[in-house]
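I opened my notebook beside the model. I wanted a few residues looked up, one after another.

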Amino acid sequence: MHKIFTNSGWLLADKLARLFIGLITMAMIARHIGPEAFGIWNYALALTAIVGSLAILGLDKVVVKEVVSHPERENGIIASTLVIRFGAGLLAFLVCTAVVYFTKHDSPVYLYCTLITGLTIILQSFDVFDYFYQAKNEVQRVIIPKVVLFTLFCIIKIVFIYLDSDLLVFLWLSFAELLLTYLIILFNYLRKSNRHLITAVSLTEIRYLLLHSWPLMFTGVLIVLYLKSDQLLLDTFSTAVQVGEYAAAARISELWYALPTVIATALLPGLITKKKASLDAYIQAMERWLRLSFWTSTMIALAMSFFAAPVIQVLYGIQYPKSGIILSIHIWANIPVFLCTALMQYQLIEGSYKTNLYASVAGLVVNILINILLIPSLGGIGAAIATVVSYMAVCTSLVVLDKTGRLVLLMQKMLYPAEAVADVRYMFDAFKIFADNFLSVIREKYLTK
């Protein structure tokens with residue numbers, strides 16, 4: 001539990017920086033460039049996210065699992081994954097450029113946005129070091145440079161807002177931030193004398209990783225598709241302005257997705273180990289995770305629905321009039337998102353990669369159908385409804401397709417509020433133990449100076 005809190009604490013620091021500093025900075029940029037330019041930028045982000053998810057190839061989860069299970073192979077795993085990711089990233093960049101060139105050739109702004117944001121797909125090949133440090137419960141080695149540079153570049157972007165800079169300046173600043181961040185992370189990784197990249201690449205590892213990751217690759221693509229396809233469909237059936245209004249609301253709602261992501265990342269290595277040691281303890285941990293996910297996400301949805309309009313008004317001003325109602329609907333997707341994160345990790349640990357794939361297909365089909373039906377008449381509101389319903393479809397599919405038969409019972413138990421209160425007490429007690437241990441270490445170091 002100590003390692004989980006330490007690991008998740010660093011991850012939470014990164015997500016909180018993006019939640020507060022990043023949201024405020026992006027809201028200021030959105031006000032400055034207006035909803036149309038903001039919509040075009042988010043179209044480019046959505047397209048590169050969808051195509052770029054192919055470049056991940058499902059390796060994010062597989063690499064963590066393999067490094068935890070086979071530490072003796074870690075050099076070969078990391079080096080081989082980097083080669084795979086870089087090649088896939090370059091191909092994804094070319095695909096994004098070609099799509100926009102042939103579909104938006106009469107609008108150079110779309111092309112410029114996609115070219116610059118597309119370069120980040122190649123840079124994200126270096127996320128392989130994130131996977132390595134997650135497996136080692138040492139995520140602070142990537143989180144510290146990420147948070148520091150993210151905060152620094154937020155300040156720089158605010159300065160350029162006051163200098164009345166245009167959209168392309170903010171695009172290049174975002175690219176520069178990622179470039180510097182990954183260079184620092186790469187340097188820190190290579191400082192260890194026993195770590196190699198080029199000489200550690202193995203064709204055997206490449207084949208093994210691709211063989212085990214392909215179901216997760218399609219799952220990852222499908223998740224991003226129904227996360228971002230609404231913005232592409234809005235741009236197709238509506239206007240860039242409505243894309244901007246929808247993106248403004250979705251950014252606030254989707255920032256809450258960071259919480260289950262942080263928890264899942266921190267818990268995965270421990271759950272893999274726990275299952276080997278005790279099946280009962282593993283099931284109990286999953287039950288507690290699902291229950292806390294359900295009640296936490298429900299409270300977030302209720303609070304954000306009530307405050308949606310004033311939050312949008314404060315952050316974005318009067319230029320985004322429909323974003324408030326969109327946010328009040330879109331935020332309810334948090335409940336199935338929180339649950340799906342836990343359920344998909346469960347299926348991953350159980351080795352049921354295809355279950356995640358089939359559930360994601362169901363969610364995508366539902367998302368696209370409802371978007372096509374509702375966007376022409378309701379615009380961003382229809383896209384928000386589609387998002388909520390599609391995540392519910394994924395959640396339901398994960399439970400129905402579960403081969404172990406445990407998830408139906410676990411989903412029933414998550415509804416008990418009394419058990420949720422007990423879970424909160426358990427987590428609070430565990431956090432107290434972690435805090436006491438942490439303070440003891442600090443005092444020891446201080447006294448021995």
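I count a contact when heavy atoms lie within 4.5 Å. This is a predicted model, in which local features need pLDDT of at least 70, side-chain atom pairs count only at pLDDT 80 or more, and totals for chains, interfaces and linings use all residues. Residues are numbered from 1 along each chain as its sequence is written, and side-chain values use heavy atoms, with hydrogens and water left out.

Entry on tyrosine 416. I set aside residues up to four places away in sequence and found that tyrosine 416 touches Arg291 and Trp295. The C-alpha atoms of tyrosine 416 and tryptophan 295 are separated by 9.5 Å, and the two are 121 residues apart along the chain. I placed tyrosine 416 in the loop between α16 (407-413) and α17 (417-447). Helices are DSSP runs (H or I, at least four residues), numbered from the N terminus. Tyrosine 416 is partly exposed, because its relative accessible area is 45%. For this I took buried as under 20% relative accessible area, exposed as over 50%, and partly exposed as in between (1.4 Å probe, protein chains only).

Entry on aspartate 230. I found aspartate 230 in helix α8 (residues 203-237). Aspartate 230 counts as buried, because its relative accessibility is 0%. Beyond neighbours within four places in sequence, its contacts are Tyr246, Asn371, Ile375, Ala383 and Thr387.

Entry on cysteines. I looked for disulfides, meaning pairs of cysteine sulfur atoms within 2.5 Å. The count is zero. Cysteine 340 is in no disulfide, and its nearest cysteine sulfur, in cysteine 395, is 4.4 Å away. Cysteine 340 is buried at 5%, and cysteine 395 is buried at 7%.

Key
Helices (H or I, at least four residues) and strands (E, at least two) are DSSP runs, numbered from the N terminus.
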